[in-house]
Number of protein chains: 4
Amino acid sequence: MDGTFIKMIKDVELQEPIFIEALPGIGHVGKLVAEHMIHELDAEKFAELYSTSFPPQVFVDENGIIEPMKNEFYCLKSQGESERDYIILVGNTQGLSPEGQYEICGTIMDFVAGYGVNEMFTLGGLGTGQPVEKPKVFGAATTSELAEKLKEHEVTLRSADGGIIGASGLLLGLGMTKGITGACLMGETPGYFIDADASKAVLKVLLKLLEMDLDIAKLEERAEETRKMISKAQQMEKEVTERMNIVPGEEDLRYIG
Amino acid sequence: MDGTFIKMIKDVELQEPIFIEALPGIGHVGKLVAEHMIHELDAEKFAELYSTSFPPQVFVDENGIIEPMKNEFYCLKSQGESERDYIILVGNTQGLSPEGQYEICGTIMDFVAGYGVNEMFTLGGLGTGQPVEKPKVFGAATTSELAEKLKEHEVTLRSADGGIIGASGLLLGLGMTKGITGACLMGETPGYFIDADASKAVLKVLLKLLEMDLDIAKLEERAEETRKMISKAQQMEKEVTERMNIVPGEEDLRYIG
Amino acid sequence: MDGTFIKMIKDVELQEPIFIEALPGIGHVGKLVAEHMIHELDAEKFAELYSTSFPPQVFVDENGIIEPMKNEFYCLKSQGESERDYIILVGNTQGLSPEGQYEICGTIMDFVAGYGVNEMFTLGGLGTGQPVEKPKVFGAATTSELAEKLKEHEVTLRSADGGIIGASGLLLGLGMTKGITGACLMGETPGYFIDADASKAVLKVLLKLLEMDLDIAKLEERAEETRKMISKAQQMEKEVTERMNIVPGEEDLRYIG
Amino acid sequence: MDGTFIKMIKDVELQEPIFIEALPGIGHVGKLVAEHMIHELDAEKFAELYSTSFPPQVFVDENGIIEPMKNEFYCLKSQGESERDYIILVGNTQGLSPEGQYEICGTIMDFVAGYGVNEMFTLGGLGTGQPVEKPKVFGAATTSELAEKLKEHEVTLRSADGGIIGASGLLLGLGMTKGITGACLMGETPGYFIDADASKAVLKVLLKLLEMDLDIAKLEERAEETRKMISKAQQMEKEVTERMNIVPGEEDLRYIG
């Protein structure tokens, strides 16, 4: 295994697909949106991405089964009146180093561009660190036309306020060099819990932008399940934190073997 | 010297070997288990691994002799009723950077797969940060069959609780892409001393899983020796810590030469 | 996208150009100087530099439009009595890793050397952490002749006091290996706000060194605009800080997806 | 500029040279020893090493002249009764990343091995963090014969106490793979000032090991000069520290340009 590669699961043909990115980030906002769409609309996984720039670890699922670090591409056939298909990217991690992020995001953009993607939305949360009563959706776009369209859908445009960090930002930047227009939608969230409210707010805007219909009621249930799973995880968080403090090699310096 | 390479010490032929990994980690749990097996069963070193992704340093042994950073492969002929042989991996360090960990673990998996390995166990500790009365053994597996088998041997399956960091996790993840099944066994340990009790607990489970017999009494003696050596080391730990705080280059900024 | 590359915008012919670097740094000192020169003298952008060693993110401008990380080369025709042209380098970021800095700065030096550059000035701030009444200009040079010239223009020579970190230093060091002489000019600044006074002090020295005329009155206005923009940004800084604390992958360890 | 390379200054022929390393480290201990030998014995610089793994910066000397990051190889003809020559390595920095340290130290070992080096000494300090009345010299060796010889010269052998970090350790480890024997000598030092006493202690042992004569009186003077230069530097240390806290890119997030 060397670098970053994509493992095809199924060959698919897609019509002018729109690309939607929701890799893990603050408050699980983007992830909940994407998982809801994937499950409610029966999106199909057609490819996986692996990279040596992912964190060197594995996850354990709720049944004690080991799950490697990966990103997953789902496709979704055209919905409602639109004739365009969709590619949705989810996963359990992002790249660690800057160079790794560029390599991974560059591979992703090359891959989706190969399917004719010319428009994209990246989803995430924008953490306030404070309770949020009615979450706003913040946004930014690669063109002023799209920025205008966001405003029409009650998105609060961000304004020279610090940039968009990680895959949600970098994918848009790399897309620009390929002539792909796009926008980032960020749900306002305290940021320290699984935030279904922020996700709902983002999903509503996204559905309007895509002119798509979807029942959002079950998103709350899904968030609840995630919360339960995480509460279990938090019991063991202390342990994890401690294991993380043992940097390999550094540990060796303390205990000689 | 460039990248990661394996230096062969002896050519060996192994029959369907099972791979056991015990690189250094929390509480020396895995390391004590592997060293006990190696010494009690006269396992033989047949290869060493060196890497430019190891920490840039050397160790000093109890006689003032310098020892480079390395991982070591031992082989062990079939034991008891089983006809299968074993490859045991120990060492004094792990890779430092994520990319380095992937390179090293990838090289390890390619190497052991070349001997026909299709099953593996990775050993470690799971730190609680608190006194542990009777250490449990925690585990996770790459398949539900193996997870079930762990449960039968009184292993507590981990459950969506934060992943397995470092070589113990990554080797299992990389093994999955080669069709190698495996499990991680982690002895519950406070984590801040050499924990022979946690090691014994892990060794007992491992012996049952491998249907192997082995006197575990001497493991306590071995732990005692290690503790003495480390107690000496701790006297000088303060010094080491200080040297570690001198990042090369940063130091230069403070004292101009 | 792989490594570091330069995208040409316009072919230009330049006469013995002097290279001026003002990438972002403490107190915006160099940046304000360069932006003032670019706007007042109608310098023209002729090339952009992109790199996978830039931070993996994008910026959002005051209209909610996304702007990728990049460095920008402007050219300026000879001014006043001098017959020499100028290349001015500005941008919204520097490389992150040491290796990345070397790659980017090496690419920059190769590029400008191709235009016949044999003299360069790098501009920045020197933070005191304390209020500064009348900002001094500190400097260092690659030759004693140039150091002497700096002294004649009331530059305080730095003296074995800790080096010049980042592009402003490294470009001079790499230039030396190509026989390019140069100096660094650093305006004394508290360092925690946009410091037009420090910029003015640097600009005055630079204009004298280049024997160039330029109205510096508008620099204060430009600084004021930047301050307003940043004050908005600071309202959201808290949020940004929090997002930054979410290291990808680490986050995954806390919330399992 | 790419990777690590050596720039030859003069071709030299050396007879079975012994290699002495004294790159910057704690308390300037090794550096003072090497500089004293170089100046008192008129050693001649014959090569320089540059690397993209050095910190991305330059130093400024006491006259405001910029000095790039580099390591320097000096040669010294046979002294006293020995017929063997010497290669002495000094410099103003070490590599930053682990991979960089391996690349740089690997290049160094290849280079000196090309001159027939089969024995080496690496010099440094061992910081106690506490006042030291009469500094001991600590040591470790690659062979038990050499360890024995160190003991005969009143070197206190280190013992499983945490390893030797950085070039002083790694060079010995890499040398072992080439059949080069060697030892590390570390002068006991509080570590927070230029420690001529520790240097003298190391120098005395080294001279006995090399059967070489050298007046050590001037070492104290040299230390005094270095101290003065550094005291000036400390006045500006605060500033340097602040500049160092501005990580490129991170800064951009706070002040939008």
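# Notebook: burial, salt bridges and backbone in a predicted model

I began with D:Leu49, which counts as buried at 0% relative accessibility. For this I take buried as under 20% relative accessible area, exposed as over 50%, and partly exposed as in between, with a 1.4 Å probe and protein chains only. The model is predicted, so I note that local features need pLDDT of at least 70 and side-chain atom pairs count only at pLDDT 80 or more, while totals for chains, interfaces and linings use all residues. Residues are numbered from 1 along each chain as its sequence is written, chains are lettered from A and ligands numbered from 1 in the order in which they are written, and side-chain values use heavy atoms, with hydrogens and water left out.

**Entry 1: D:Leu49**

I placed D:Leu49 in strand 3 (residues 44-51) of chain D. Strands here are DSSP runs of E of at least two residues, helices are runs of H or I of at least four, and both are numbered from the N terminus. I then listed its contacts, meaning heavy atoms within 4.5 Å. Not counting residues up to four places away in sequence, D:Leu49 touches D:Thr4, D:Phe5, D:Ile6, D:Phe54, D:Lys70, D:Asn71, D:Phe73, D:Ile104, D:Thr107 and D:Ile108. I also checked D:Tyr74, which is 25 residues from D:Leu49 in sequence and 12 Å from it in space, C-alpha to C-alpha.

**Entry 2: C:Val12**

Is C:Val12 buried or exposed? C:Val12 is buried, its relative accessible area being 17%. I found C:Val12 in the loop between strand 1 (4-8) and strand 2 (18-21) of chain C. Leaving aside neighbours within four places in sequence, C:Val12 is in contact with C:Phe46, C:Cys75 and C:Tyr115. From C:Val12 to C:Glu145 I noted 133 residues in sequence and 31 Å in space, C-alpha to C-alpha.

**Entry 3: salt bridges**

Side chains of opposite charge can pair when their charged atoms come close. I count a salt bridge where a side-chain nitrogen of Lys or Arg is within 4 Å of a carboxyl oxygen of Asp or Glu. Over all chains the structure holds 28 of them.

A:Lys45 forms a salt bridge with A:Glu48, with 2.7 Å between the closest N and O atoms. A:Glu48 is buried at a relative accessible area of 6%, whereas A:Lys45 is partly exposed at 24%. A:Lys45 also meets A:Glu72 in a salt bridge, at 2.5 Å from N to O. This pair links distant parts of the chain, with A:Lys45 in strand 3 (residues 44-51) and A:Glu72 in strand 6 (residues 71-76) of chain A, 27 residues apart. A:Glu72 counts as buried at 14% relative accessibility.

C:Asp85 is buried, with 3% relative accessibility.

**Entry 4: positive phi**

I looked up two glutamates with positive phi. For C:Glu211, phi is near 50°, a positive value in a residue other than glycine. C:Glu211 lies in the loop between helix 5 (196-210) and helix 6 (217-235) of chain C, and counts as exposed at 60% relative accessibility. D:Glu154 is not a glycine either, and has a positive phi of about 65°. I placed D:Glu154 in the loop between helix 3 (144-152) and strand 10 (156-157) of chain D. At 68% relative accessibility, D:Glu154 is exposed.

**Entry 5: helix 4 of chain C**

How many of the 10 residues of helix 4 of chain C are buried? I read 9 of the 10 as buried, so the helix (residues 167-176) is mostly covered under the cut-off of 20% relative accessible area. The buried residues include C:Ala167, C:Leu170, C:Leu172 and C:Gly175.

**Entry 6: chain A as a whole**

I counted the secondary structure of chain A as 8 helices and 12 strands. Of its 257 residues, 63% count as buried. Among contacts in chain A with a separation of 6 or more, 77% are between residues 24 or more positions apart. Chain A exposes about 9700 Å², of which carbon and sulfur atoms supply 46%; accessible areas come from the Shrake-Rupley method with a 1.4 Å probe, and for residues only the protein chains shown count as cover.
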